[in-house]
Amino acid sequence: MLGPPDTARVTEETTAAPDFQLKTVDLEGKAISLTDLLRKGPVLLDFWALWCKPCLKELPELDKLQ
């Protein structure tokens, strides 16, 4: 999506992500899916790497969002 939000046209087709399942990192290791999370509200997916300086720079901001 480019441009100011008031001119952007967002449809479900352009914003839908494929469903996936992961296990939580706590002791329970419970399976959780994207669909389960979306039932609770919006989901922010952020892909980053430890070697990526801009990625590391944004981590404090993501902490604030949490």
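**Surface and strand contacts in a predicted model**

The accessible surface of the chain comes to about 6500 Å², and carbon and sulfur atoms hold 60% of that surface. The model is a predicted one.

Colleague: In what order do the elements of the chain run from the N terminus on?

Modeller: The chain has 3 helices and 2 strands. Strand β1 covers residues 21-23, and strand β2 covers residues 31-33. Helix α1 spans 12-15, while helix α2 spans residues 34-40. From the N terminus on, the order is α-β-β-α-α.

Colleague: Is K23 buried or exposed?

Modeller: K23 belongs to strand β1. Exposed residues have over 50% relative accessible area. The relative accessibility of K23 is 66%, and therefore K23 counts as exposed.

Colleague: Which residues does K23 touch, not counting residues up to four places away in sequence?

Modeller: A contact requires heavy atoms within 4.5 Å. With residues up to four places away in sequence left out, the partners of K23 are G29, K30 and A31.

Colleague: What distance separates the C-alpha atoms of K23 and S33?

Modeller: K23 is in strand β1, and S33 is in strand β2. Along the chain, K23 and S33 are 10 residues apart. Their C-alpha atoms are separated by 8.7 Å.

Colleague: Is S33 buried or exposed?

Modeller: The place of S33 is strand β2. A residue counts as buried under 20% relative accessible area. S33 has a relative accessible area of 7%, so S33 is buried.

Colleague: Which residues does S33 touch, again not counting residues up to four places away in sequence?

Modeller: S33 lies in strand β2, and one of its partners, Q21, falls within the residues 21-23 of strand β1. Leaving out residues up to four places away in sequence, S33 touches D19, F20 and Q21.

Colleague: How far apart in space are A17 and L45, C-alpha to C-alpha?

Modeller: A17 is found in the loop between α1 and β1, and A17 counts as partly exposed at 42% relative accessibility. In sequence, A17 and L45 are 28 residues apart. From C-alpha to C-alpha, the distance between A17 and L45 is 9.9 Å.

Colleague: What accessible area do the residues of the nonpolar surface patch have together?

Modeller: The patch is formed by F20, L22, L37, L38, V43, L45 and F47. Among them, L38 lies in helix α2 and counts as partly exposed because its relative accessibility is 47%. Together, the patch residues have an accessible area of about 650 Å².

Conventions: Residues are numbered from 1 along each chain as its sequence is written. This is a predicted model: local features need pLDDT of at least 70, side-chain atom pairs count only at pLDDT 80 or more; totals for chains, interfaces and linings use all residues. Side-chain values use heavy atoms; hydrogens and water are left out. Helices (H or I, at least four residues) and strands (E, at least two) are DSSP runs, numbered from the N terminus. Buried means under 20% relative accessible area, exposed over 50%, partly exposed in between (1.4 Å probe, protein chains only). Accessible areas come from the Shrake-Rupley method with a 1.4 Å probe; for residues, only the protein chains shown count as cover. Patches are made of residues with over 30% relative accessible area and no salt bridge: like charges are joined within 9 Å, nonpolar side chains (Val, Leu, Ile, Met, Phe, Trp, Tyr) within 5 Å. A salt bridge is a side-chain nitrogen of Lys or Arg within 4 Å of a carboxyl oxygen of Asp or Glu.
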